[in-house]
Amino acid sequence: MMKEKLKNILIWVLLVGYSITALSLTNAEYKNVRVSGVKVRIDDNTHNKFISESDIIDVLNKENINIIGKHIDSINIHYIEDILQHQNKSIRHAEVFRTVYGELGISIEQRQPIMRIVNRNGDSYYIDKNGQVMPLSKKYTAHVIIASGYLNEPYMDHVGENMKQRMSKKDKSSGEIIPDLFRLVQVINSNKFWRSQFEQIYINSDGDIELVPRIGNHVIIIGTVDNLTEKFENLEAFYEQEIGRAHV
């Protein structure tokens, strides 16, 4: 019995020793691996096309990040992630990783705009689904709700801002309305019918918010974003009543 236990202990010691040795050899070999190429994967590339693989490579070249042929273990992946997110505002998140085959993998998550702002001076920019302000793209136009009219908030006033955070900190006396519009679009997008019904938001000369439907020549004045739930419930009742009349 004792011999059997000693035998088992000896086997485990040998296995552990072998594993440590194998891992040490693997790590030593891995450090000698050189970068042979870059593989870029872009999420949600069927709906949004703000970023292409060539854009990512261009950023690396612009920043003189020459990685081909370098030891893969020497690559500062966090530095590359920061550079990509800083240089391209259409990138929400960048993840860089090394592979055992000597390739550097780059996974890109694009921002997903839900609203486009067009102010009175023609200045235009997006707000993404997380409330982040993002610039327009020269290569792709997102099909989202457009907010226009008597808007006086230029892009440069909101660079780096998050409208989701601004909603709770907004100073009503400032006349700022973009956080309110973001909240309104969130409500519209949360309902399949409203999402298909409205394509434009207009701010009139009195500062009231108007919704412009896709079909028809009417507008719906909701004023402010106060009591949005009640306003949309009343609007839903109105539409149901009108649809019922159309079928009489």
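Visitor: Which residues form the negative surface patch?
Guide: This is a predicted model. A patch residue needs over 30% relative accessible area and no salt bridge. Glu 230, in helix α7, has 47% relative accessibility and counts as partly exposed. The negative patch is formed by Glu 230, Glu 233, Glu 236 and Glu 240.

Visitor: Is Asn 227 buried or exposed?
Guide: Asn 227 sits in the loop between β10 and α7 (228-246). Its phi is positive, near 55°, in a residue other than glycine. The cut-off for exposed is over 50% relative accessible area. With a relative accessible area of 53%, Asn 227 is exposed.

Visitor: What is the relative accessible area of Asn 64?
Guide: Asn 64 belongs to the loop between α2 (53-62) and α3 (77-87). Phi is positive here too, near 55°, and the residue is not glycine. Asn 64 counts as exposed, and its relative accessible area is 61%.

Visitor: In which sense do strands β9 and β10 pair?
Guide: β9 covers residues 209-213 and β10 covers residues 220-223. Leu 211 has Ile 220 in β10 as its bridge partner. Over three bridges, the sense of the pairing is antiparallel.

Visitor: Which residue in the turn of the β9 and β10 hairpin has a positive phi?
Guide: The hairpin has six residues between β9 and β10. In that turn, a positive phi of about 100° belongs to Gly 216.

Methods: Residues numbered from 1 in each chain as written. Predicted model: local features only at pLDDT ≥ 70, side-chain atom pairs only at ≥ 80, totals over all residues. Heavy atoms only, no water. Pairing = 2+ DSSP bridges. Helix = DSSP H or I, 4+ residues; strand = E, 2+ residues; numbered from the N terminus. Buried < 20%, exposed > 50% of the residue type's maximum accessible area, 1.4 Å probe, protein only. Patch = residues over 30% accessible without salt bridge, like charges linked within 9 Å, V, L, I, M, F, W, Y side chains within 5 Å. Areas by Shrake-Rupley, 256 points an atom, 1.4 Å probe, with all protein chains shown as cover. Salt bridge = Lys/Arg side-chain N within 4 Å of Asp/Glu carboxyl O. Lys, Arg positive; Asp, Glu negative; His and termini not counted. Charge placed at Lys NZ, Arg CZ, Asp CG, Glu CD.
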